[in-house]
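Trainee: I would like a close look at one part of this model: the place where the two chains meet. Please take me through it, and then set it in its surroundings.

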Amino acid sequence: MLSIQHLTKVYKGGKKAVDDLSLEINAGDIFGFIGHNGAGKTTTIKCATGILDFSDGEIFVDGISIKEDPIACKKRIAYVPDNPEIYENLTGIQYLNFIADIYEVPKEVRNQRMKEYGDTFELTSDMGSQISSYSHGMKQKLVLISALLHDPKLLILDEPFVGLDPKASFTLKEMMRQMCQRGCAIFFSTHVLEVAEKFCTNIAIIKAGKVIVNGKTQDIVGDKSLEELFLGLLEE
Amino acid sequence: MSMFFALLKTDLRNTYSLNRLFSRSKRMKKLSAKGPLAAIFALAVLAIWVFYIYTLFSTYVELLSNAIFVLFGVIAIGESVTTFIYTIRMAPVHLFSFKDYDLLMSMPFKPVTVLLEKVVKLYVGNLLLTYAVFGPMLVAIGTSRGDGPLYYVASLLLLFFVPMLPILVGTLIGGLFMWISSKFRKTNLVNMIFSFLFILLIMVFSMGIGGLSGFAAESDMEAIVEMDFFWDILEKYPPALLFTKALDSYDVLSGAIFLGINLAAFAIFVLIFTRGFNKINLALRENQSKSNYTFRRQEVSGAFSALFRNERRRYFSSFVYVYNTASGPIVGIIFLVMMVFLGNTVLPELLDTFLFDELKPFIAGIMAALLIFSLTIAPTTAATISYEGKAFWLTKTMPVPVERIYWSKICVNFLIPVPITVAISIASHLLFRLELQHTLAILLIGLLCIILTSFTGLYINLHFPKMNWSTPNQAIKNSLSVFVSVFVGFGLVLLAGLGYFLFVVKGFIFGLEPFTGTLPFMYGFALFLVVLCAGIWILLRTNGKKLFDAIEA
């Protein structure tokens, strides 16, 4: 579903944020992307979502090149940023309708999904309020709901559990599992190693822009804990 | 197109907080209970404004009844220049620093849709001003000439398109500046310098092209018309000429060409700029990042230096902050340029008049008044506390006396106005051959006004802090503190004018007379400013400190 091939991203000033990075995320995968701060996770994600241009390599979404047909790719993706910058002066429901309009979600479907996800994340009663009055967690929930509205084939999330209360975190994980069972692929970055270890089917660890470990979670972790493995790799 | 309209609707609703107009919140319900009254008040203000512009312009229509084309030309050129400068100022904010870039780029929008939406949004913002100012002027001409409904439809339609070219060209130039600036590490600073220099260049160029000196020397309106001064200027900007011809002589062909030029320019703009738009945005969003830093022995500096350096960096890193607070000093720079220009043309004749020696104190007074006007309206301190926003906890928890924090903020307000004040004082001294005591009075008043407004701005901001903002604009441009501070600046101008009128023109005390009394009044006013500064400083150290402590970080 998402194929990143030899991706290299150099920022002005010369820093190589991502260096010859390759990843394959298939339908049904829950792919955890792990790395310390500044390792290149967000840059990779932003390249994969078409927000950032990149110097070398290729990215394919569902077999389509993001460079050649970004619109077709973006129609298949939903992206949840780490710090949701959304229109503060809209109400929650207006924001959801805006997203649904852009992704051409039919009226009946959007109504049903907004209600369903709104109830699931316990946000329905606040949907009439201005987004500026929302807490960080509420904004995060709203962006998650908006990401699910068009039933994406590929869900890309940057630190999705930050700011969520325990119940919402649990709900999100459940939803992600259900989506994968329906054939969706999920690619997300996280610092919560415990979540990655227990929840992801695949993981990749990135250090200084390069992937140093990539594969099935069970194969990688083996007898150790992911935390031990991760810290050990960072020290090498 | 549906995606374009969905985005435009959402963006306008968000930018202009349109939800608040139709909100059903308790606060808004309370207000809407007073709805009819509020609506009548708003309509009354609008009607007064329209009537004011209409009446003012009607006078010019009467004066120039035989040469109405001049007025159409003034409308077209005036609107074009204002829009052009507005765009150079606003394009960086609306087209290259918009906050929803990541969101929009992750969605299935074509870059051209986003570009179109941002340009149309800029256009809509400008149109409000266009119709509020230039609409009544066109109506005034129509009623004076007794035109039929067709004139009003045509003129208001053509007016809609007048800002088109200036916005497109302004965006291209703004984009070029941003593109060049993005190559530098200090992107914002370089872009600001470009924009300021460009606006100055326009002013100097506009003075040079049409023989403004000739215009200034002519007082007879008929002579101005006869010398075809305006036709010359209009020919330099064909859209203004076409607009004028279309409405002055009901020339349908000119009107059609005018519309055609604008629409074609729009199409070409979209075609050529879409790629550039995306590239510039990407370049601007990539922070300069190097990974080759090797740790060096760090220098030690005092708490004040550290605070000041931090404040200075924060100030110059915000494009909007600098633009908003530097507009007054820009007027000062423009004035300085005009003085130099006058020095080559009108001034030599003036200096040779026998009365000039006696006029020197007046000139010093005028210079001081202009300094007060241009340098005191928007002090940086009026937003300095608010701008800290959610990071204010850091300042509050520092083991530093509050006075030192004050001074680090106050000194930032000196960075631009003080050199301009010194430059204007020296330029006045040299150009007008002023005595030392005149120049010193100008300098003293200028510097004291800067200190005073720095103090008042800070005190007002401590009173009305806006810490919980979502965009820096809310703190820098639209906060109550900034508004109040602007009024205080105007108040100072009024106070100086009123004082001069009472003590010198009317001679209420000391028997001062205009010829001999201006200079003593200036020194007296300077003393008054010293007292005010001392008073506000005491307030800052006492009540201000309590306000500082009470701000929730």
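Mentor: Keep in mind that this is a predicted model. Start with the contact count. On the chain B side, 34 residues take part, and they are in contact with 31 residues of chain A. Now the area. The size of an interface is often given as the accessible area lost when the parts come together. Here chain B and chain A bury about 3000 Å² between them. Carbon and sulfur atoms carry 57% of that area.

Next, the specific pairs. The rule finds one salt bridge across the interface of chain B and chain A. Its partners are Lys46(A) and Asp102(B), whose side chains meet at 2.8 Å, N to O.

Which elements of chain B give two or more residues to the side that touches chain A? They are helix H1 (2–15), helix H5 (101–105) and helix H14 (252–285). H1(B) gives the most, with seven residues. By residue class, the side of chain B that touches chain A divides into 13 nonpolar, 12 polar and nine charged.

The largest nonpolar core has 151 residues. Leu2(A), Tyr95(A) and Phe243(B) are the residues with the most contacts inside this core. Its largest share, 12 residues, comes from helix H6 (residues 111–145) of chain B. Look at Leu2(A) in detail. Beyond its neighbours within four places in sequence, Leu2(A) is in contact with several residues of chain A, among them Leu23(A), Ile25(A), Ala48(A), Ile59(A), Val61(A), Leu154(A) and Phe187(A). Glu24(A) is also one of the contacts of Leu2(A). A second, separate core has 49 residues, including Met367(B), Ala368(B), Leu452(B) and Ala496(B).

Chain B as a whole comes to 26 helices and zero strands. It has 553 residues, and 46% of them count as buried. Take the contacts in chain B with a separation of 6 or more: residues 24 or more positions apart account for 83% of them.

Some single residues deserve a check. Asp62(A) is found in the loop between strand E4 (56–61) and strand E5 (64–65) of chain A. Asp62(A) counts as partly exposed because its relative accessibility is 28%.

Is Gln140(A) buried or exposed? Gln140(A) is buried, with a relative accessible area of 0%. It is found in helix H5 (residues 136–148) of chain A. Not counting residues up to four places away in sequence, Gln140(A) touches residues including Val80(A), Pro81(A), Asp82(A), Glu159(A), Pro160(A) and Leu164(A).

Thr395(B) lies in helix H19 (residues 392–396) of chain B. Its relative accessible area is 8%, so Thr395(B) is buried. A polar contact of 2.4 Å joins its side chain to that of Glu388(B). Leaving out residues up to four places away in sequence, Thr395(B) touches Glu388(B), Ile405(B) and Phe548(B).

Notes: Residues numbered from 1 in each chain as written. Chains lettered and ligands numbered in written order. Predicted model: local features only at pLDDT ≥ 70, side-chain atom pairs only at ≥ 80, totals over all residues. Heavy atoms only, no water. Contact = heavy atoms within 4.5 Å. Buried area = accessible area lost by both parts, 1.4 Å probe. Salt bridge = Lys/Arg side-chain N within 4 Å of Asp/Glu carboxyl O. Helix = DSSP H or I, 4+ residues; strand = E, 2+ residues; numbered from the N terminus. Nonpolar A, V, L, I, M, F, W, Y, C, P; charged D, E, K, R; others polar. Core = buried A, V, L, I, M, F, W, Y, C linked by side-chain atoms within 4.5 Å. Buried < 20%, exposed > 50% of the residue type's maximum accessible area, 1.4 Å probe, protein only. Polar contact = N/O pair within 3.5 Å; in protein donor to acceptor, adjacent residues only side chain to side chain.
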